[in-house]
Amino acid sequence: MFNVPSLNKQIGNEVSAYVDQLTKPAGSLGRLEQLVIELAEMTEAHFPTVTPPGVLVFAADHGVTKEGISAFPQEVTAQMVLNFVRGGAAINVFSKQIGASFAVIDVGVATDIPGEDFVNEKVKYGTNNFCEQEAMTNEEAKQALFVGHRQAKKMIENGIRCLIVGEMGIGNTTTASALLAAISRKPVDVLVGKGTGISDEMVEHKRKVIERALALHQPDPSAPLELLSKIGGLEIAAMAGAMLAAAEERIPILLDGFICTTAALVANLFHPHVGDYMIAGHRSQEPGHRVALELLGKEPLVDLGMRLGEGSGAAVAFPLLQFATNMLKMATFTSAQVSQGGE
Ligand SMILES: O=C(O)c1ccc[n+]([C@@H]2O[C@H](COP(=O)([O-])O)[C@@H](O)[C@H]2O)c1
Ligand SMILES: Cc1cc2nc[nH]c2cc1C
């Protein structure tokens, strides 16, 4: 279904050798050196660039909110979409700062959203409550996946060089925790957290809600579309689709927090090479994020105690990618006539 190329390790080796010729002790720019090599392997460019970046925010609702698992009511999803449209959310401000193209996509908000400055690709008016029935049909999961795929392809055609995938969906830390429990086979209590800010008692209730859903559906991670249809979210499916599209086009993907990284794991179930095109932006406070990052084999660039979502943590980490690529503008020992050190 998806066609993701392998990394170009040869170009990586060539850039690695060039980085060692720059006027600095070998390895002294630390992780930034590794980053520019990874970006070269992804993009097949000796001088990779990540600008301009693009930010896609997928919004959808979750039937499981009926179980009382969030600190906020469901209508906040639609209200925040309007806030994104008007430019008032954190990701709007941060996107402007990093010069990103920005789009917000309704892939499954529970109500109709007035106005036109957003992409209306609604697949369904929110998922069903997965404690009682499947969240959506296989067909709906596939539709949502391809909404994300199309939106990312469009942004890439318009020239973005790095993709940030954000989300908005009240209840989606419950959905992401259920997906991660199915994928990692870890007990729910090590994954589940406070999301938007619930009490310890509510976290305990949230754990039971997720365990009920897992017992009902017995989801199998070797069948990712079924996994999404049983216990997924429409925005999570779309995020996975967007990541698959970016990897197909050799566009680096900068990951955000817990929900985004869970979507990344889902994308990896569709194609094992997608993860090669991902860089973890930040570590979210949600406990499951640590597990998701470990499973993906990624170490985040920053850890600022953030837990917002929307793509905000990735946007904050983005300038580090610019530092990494700009490193290649340094002089070499030869061009600057600086003596090289020995052993
Ligand atoms: O990205 C994260 O790590 C993250 C952690 C906690 C909460 N969120 C955001 O908060 C919402 C989900 O929280 P909740 O409590 O309603 O499940 C959703 O809109 C996410 O964007 C995001
Ligand atoms: C206000 C608010 C903003 C958000 N942005 C992403 N998730 C969110 C959840 C809430 C509640």
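These legends describe close-up views of a predicted model.

**View 1**
The shell around ligand 1 holds 24 residues. Ser70, Gly195, Gly257, Ser284 and Gly309 come nearest to the ligand. Strand 4 (162-168), helix 6 (172-184) and helix 10 (258-270) each supply at least two residues of this shell. Helix 6 gives the most, with three residues. Sorted by class, the shell has 12 polar, seven nonpolar and five charged residues.

**View 1. The surroundings of ligand 2.**
Eight names make up this view: Phe72, Val76, Met80, Met168, Thr196, Leu308, Gly309 and Glu310 surround ligand 2. Five residues of the shell are nonpolar, two are polar and one is charged. Gly309 is also among the residues that come nearest to ligand 1.

**View 2. Glu310, a residue beside ligand 2.**
Glu310 is one of the residues around ligand 2. Its place is the loop between helix 11 (287-296) and helix 12 (312-326). Is Glu310 buried or exposed? Glu310 has 27 other C-beta atoms within 10 Å, so it is buried. Look at its backbone too. Phi of Glu310 is positive, about 70°, although Glu310 is not a glycine. Most residues other than glycine have a negative phi.

**View 3. Helix 5 meets helix 8.**
Two packed helices are described by the angle between their axes and the distance between the axes. Helix 5 (residues 138-157) and helix 8 (residues 224-231) pack at about 105°. Their axes are 8 Å apart. The two helices are therefore roughly perpendicular to each other. Helix 5 makes the contact with Asn138, Glu140, Ala141 and Lys142. Helix 8 makes it with Leu225, Glu226, Leu228 and Ser229. Of these contact residues, three are nonpolar, two are polar and three are charged.

How many of the eight residues of helix 8 are buried? Six are, and the helix is mostly covered. The buried residues are Pro224, Leu227, Leu228, Ser229, Lys230 and Ile231. They pack against helix 5, helix 6, helix 7 (200-217), helix 9 and helix 10. Leu228 and Ser229 also belong to the contact with helix 5.

**View 4. The largest nonpolar core.**
This core has 105 residues. Which of them touch the most other members? They are Ala238 and Met243. Helix 9 (residues 234-248) gives the most to the core, with 12 residues. Now focus on Ala238. Not counting residues up to four places away in sequence, Ala238 touches Phe58, Ile105, Val107, Ala144, Leu145, Val147 and Gly148.

**View 5. Val104 in strand 2.**
Val104 lies in strand 2 (residues 101-108). Why does Val104 count as buried? Because 25 C-beta neighbours lie inside 10 Å of Val104, and 20 or more are enough for a buried residue. Leaving aside its neighbours within four places in sequence, Val104 is in contact with Val57, Ala59, Val81, Phe84, Val85 and Phe118. Val55 and Val104 are 49 residues apart in sequence. In space, their C-alpha atoms are 8.5 Å apart.

**View 6. Arg250 in a loop.**
Arg250 sits in the loop between helix 9 and strand 5 (253-255). With 19 C-beta neighbours inside 10 Å, Arg250 counts as partly exposed. Its contacts are Pro5, Met42, Thr43 and Glu44, not counting residues up to four places away in sequence. Pro319 is 69 residues from Arg250 in sequence. Their C-alpha atoms are 20 Å apart in space. Phi of Arg250 is near 60°, a positive value in a residue other than glycine.

**View 7. The peptide bond between Thr51 and Pro52.**
Which kind of peptide bond joins Thr51 and Pro52? The bond is cis, with omega about 0°. Most peptide bonds are trans. Pro52 lies in the loop between helix 2 (31-43) and strand 1 (53-60).

Methods:
Residues are numbered from 1 along each chain as its sequence is written. Chains are lettered from A and ligands numbered from 1 in the order in which they are written. This is a predicted model: local features need pLDDT of at least 70, side-chain atom pairs count only at pLDDT 80 or more; totals for chains, interfaces and linings use all residues. A residue is near a molecule or strand if its C-beta atom, placed from the backbone, lies within 6 Å of it. Helices (H or I, at least four residues) and strands (E, at least two) are DSSP runs, numbered from the N terminus. Ala, Val, Leu, Ile, Met, Phe, Trp, Tyr, Cys and Pro count as nonpolar, Asp, Glu, Lys and Arg as charged, and the others, Gly among them, as polar. Axes are lines fitted to C-alpha atoms, for helices over the stretch in contact, and angles run from 0 to 180 degrees between N-to-C directions. Angles under 35 degrees count as roughly parallel, over 145 as roughly antiparallel, 65 to 115 as roughly perpendicular and the rest as oblique. Two residues are in contact if their C-beta atoms, placed from the backbone, lie within 7 Å. A nonpolar core is a set of buried Ala, Val, Leu, Ile, Met, Phe, Trp, Tyr and Cys residues joined through C-beta atoms within 7 Å. A residue is buried if 20 or more other C-beta atoms lie within 10 Å of its own, exposed if 12 or fewer, and partly exposed in between; C-beta atoms are placed from the backbone.
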